[in-house]
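User: I would like to go through part of a structure step by step. Please begin with any term I need to know.

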Amino acid sequence: MACRFEFEMNNKKTLFETGKVARQANGSVLLKSGKTVLLATAVMDDKPIEEHFLPLTVQYIEKSYAAGKIPGGFVKRETKPGDFETLTSRLIDRSLRPLFPKGFYNPVQITVMLLSVDENADLQSLALDAASAALFISDIPVAKSVAGVRIGRKEGNFILNPTLEELEEGTLDLFVSGTKEELLMIEMRAIGSVDVEIEPSVAVDPMLDPMLADEIIQIPRPNELKEEELLEAIELAQKAITTAAGEYEKVFVEAAKPKKDVPLFDEKADPSITTYIKEFYTDEIVHALSGMAKSERGTEIKAIIAQVMSDDTAQREGWTEDQVKAAVAEVKRERVRSMILEEGKRADGRGLKDVRPISIETNLLPSVHGSCLFTRGETQALVTCTLGSRQDAQMFERITGKSASYEEFMVHYNFPGFSVGEASRIGPPGRRELGHGNLAKRALEPTLDKTQLDSIVRLVSEILESNGSSSMATVCGGSLALKAADVPVLKLVAGVAMGLVTERERYAILTDIMGLEDHDGDMDFKVAGTEEGITALQMDIKLGGISHALLKEALEQAKEARMHILGIMEEAAKKIEVNEEVLPSSEVFHVEPHKIVDIIGQAGKTIKEIIEKFEVSVDLDRKQGEVRVAGPSKAKVKAACDHIKGLTEGGGAKKEIPQFEIDKPLKGKVKKLVDFGAFVELPGGVDGLLHISKIARRRIGHPSEVLHEGQEIEVVVKSQQGHKISLELVKPID
């Protein structure tokens with residue numbers, strides 16, 4: 001039956017159509033909002049899988065035709081999903097997965113296709129609403145509707161469901177999803193900004209002296225969110241979600257199909273087997289838990305299952321391996337939770353608020369621009385920082401964008417199997433890797449001082465060991481790797497993973513959880529920030545909602561841990577020794593815009609000679625007169641800048657370049673000493689390069705060992721190509 005439902009709430013207008021397209025799917029919805037059109041379908045296999053987990057797959061797919069575009073590149077069709085599509089699929093999955101009943105093992109495929117796009121649409125929020133609607137009206141046994149809400153902030157005021165333009169101009173991006181009764185997922189990032197202030201000069205007419213005009217000062221701000229401000233924003237989101245999800249459920253019932261009678265597998269273990277294992281194997285399980293505190297793998301637990309299966313009682317009773325496995329898992333879970341709730345202890349002996357021991361080593365890789373080995377307990381991340389020039393930026397194209405954009409700060413996260421002791425091949429990054437890298441990027445990006453940063457920055461996190469929150473180790477190691485590469489950062493950022501265990505009225509909040517506690521806990525909560533506040537947060541709630549008071553307590557406990565970690569990081573930052581000899585450099589200066597042509601030269605000849613002679617890259621802005629020079633060392637960049645400034649002095653008149661006779665002795669004056677040689681001023685006011693290898697008969701470390709600026713020397717020209725003149729000493733120094 002075809003139905004149309006229109007909604008106008010939470011600053012968002014949407015139209016849902018059912019029964020019109022994709023009618024062979026278990027559920028399908030066409031969502032329209034402005035010019036945006038999304039098709040969402042939900043399909044379920046009738047046969048459950050044998051493994052005991054929910055086989056839910058979510059795909060969000062953007063079609064190029066939605067924006068009136070043809071895919072770029074050689075293949076003119078959509079291929080593998082981009083990062084935004086993958087992250088959106090992950091967001092939908094994390095919001096919908098908790099809705100399925102326990103013991104449901106039928107494969108479910110949810111597909112959301114973008115068919116038409118409005119350039120100012122919040123596609124993630126709309127995609128989640130469409131996917132939830134398709135699932136709710138289907139015959140798949142899910143009886144709740146989910147709504148997603150985004151909160152922005154501008155000039156200190158929260159904005160409900162901002163447009164993309166409002167979001168980019170603001171300082172906060174908070175996405176919250178949930179049902180009418182409970183929150184399910186929270187993602188938050190601070191958005192850094194640059195405030196402009198004018199410092200007034202003395203009361204002198206700037207027309208008489210331009211140097212006395214008002215000075216414009218740029219002030220970068222990370223815009224961290226304080227815990228109480230975050231709680232206020234979440235409360236606003238929760239009210240909006242309650243309204244939207246409640247309205248969806250009330251209206252969509254008309255179009256919903258009767259739910260299929262799908263068998264649900266009893267996840268509870270056989271009580272008699274559980275009792276037997278408690279009686280005879282509790283000591284072994286307690287011992288195994290201490291081993292699991294050191295690894296994400298349950299090797300010891302597998303050994304116990306094998307031991308139970310081999311004993312006489314199991315064989316006599318005919319217990320299956322699945323039955324024993326379920327019973328051991330239940331006893332393990334009960335033991336982990338009872339230790340926490342009743343004894344205030346954890347499997348590795350820590351208290352509830354204790355952070356595992358931390359060790360930090362910076363710039364341990366001599367040829368890398370910046371590096372940090374961050375170890376917290378049994379989680380270890382090797383984070384490297386590489387600096388590049390503008391051409392190294394990652395080009396990407398958003399479906400809502402009119403042209404290509406460039407990503408100037410990249411965070412790439414890798415999770416090889418050996419980090420958890422698994423013999424698995426290393427392949428391309430999956431959803432987990434992209435998600436963790438994106439979280440670390442969100443945490444670190446607001447602290448970059450973009451008024452001083454003139455390099456493209458790439459962080460790579462290699463997870464060498466993992467037992468709990470390698471993404472937060474990436475944040476800590478990444479912040480210090482930036483410092484180690486001498487990248488201008490406003491503040492250090494630390495991250496910590498929190499957990500929650502609840503039983504009826506009792507609860508315990510855990511600081512710095514490990515893999516065991518993540519698996520058997522009720523909440524996974526990662527928070528990163530500076531000493532002033534939170535820059536990024538990610539929360540997945542496994543139990544039925546979380547109260548405002550409990551969330552507040554968890555945030556305050558996370559703050560304590562963050563301050564502790566930041567203290568250790570600050571001490572490590574003081575000991576950083578920058579790899580000056582491998583660190584690239586860049587310099588930006590301005591010339592009269594009409595003199596840019598002097599730098600370029602006829603048919604680009606002059607700029608090509610500069611690039612070859614000094615081994616640098618040169619970017620020119622004709623309108624602003626901006627010159628950006630980047631190279632592998634500060635000395636080469638400085639020499640290139642001095643040369644360019646020389647070209648643009650004196651009204652831009654071109655110097656006549658004399659042609660020198662090869663091998664004819666000339667008197668010259670040492671003008672500048674650099675790592676790789678000396679620039680020598682020759683007759684006619686032009687410079688030649690005397691390479692360090694041509695200065696002395698013996699090997700020297702730097703030209704300053706035998707020469708000094710202003711010194712007169714006798715040289716011969718060995719080759720000349722325009723400005724590029726190579727020299728040798730008539731008599732090399734002994």
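Analyst: Two strands pair if DSSP finds at least two bridges between them. The model discussed here is predicted.

User: Which residue in β26 stands opposite Val618?

Analyst: Strand β25 covers residues 617–621, and five bridges join β25 to β26, residues 626–631. These two strands run antiparallel. The residue of β26 that stands opposite Val618 is Val629.

User: Which strands stand at the edges of the sheet?

Analyst: The open sheet has three strands in the order β24-β26-β25, with antiparallel pairing. Each edge strand has a single partner strand, so one side of it is left without a neighbour in the sheet. The edge strands are β24 and β25.

User: What angle does the direction of helix α15 make with that of β24?

Analyst: Helix α15, residues 634–648, packs on the sheet and touches β24, β25 and β26. Its direction makes an angle with that of β24 of about 20 degrees.

User: Are α10 and α12 roughly parallel or antiparallel to each other?

Analyst: Helix α10 (residues 470–484) and helix α12 (residues 548–574) pack at about 25 degrees, with their axes 11 Å apart. Angles under 35 degrees count as roughly parallel. The two helices, α10 and α12, are therefore roughly parallel.

User: How many residues of the contact of α10 with α12 are nonpolar?

Analyst: From α10 the contact uses Cys476, Ser479 and Leu480, and from α12 Ile565, Met569 and Ala573. One residue of this contact is polar and none is charged. The number of nonpolar residues is five.

Key:
Residues are numbered from 1 along each chain as its sequence is written. This is a predicted model: local features need pLDDT of at least 70, side-chain atom pairs count only at pLDDT 80 or more; totals for chains, interfaces and linings use all residues. Side-chain values use heavy atoms; hydrogens and water are left out. Helices (H or I, at least four residues) and strands (E, at least two) are DSSP runs, numbered from the N terminus. Contact means heavy atoms within 4.5 Å. Axes are lines fitted to C-alpha atoms, for helices over the stretch in contact, and angles run from 0 to 180 degrees between N-to-C directions. Angles under 35 degrees count as roughly parallel, over 145 as roughly antiparallel, 65 to 115 as roughly perpendicular and the rest as oblique. Ala, Val, Leu, Ile, Met, Phe, Trp, Tyr, Cys and Pro count as nonpolar, Asp, Glu, Lys and Arg as charged, and the others, Gly among them, as polar.
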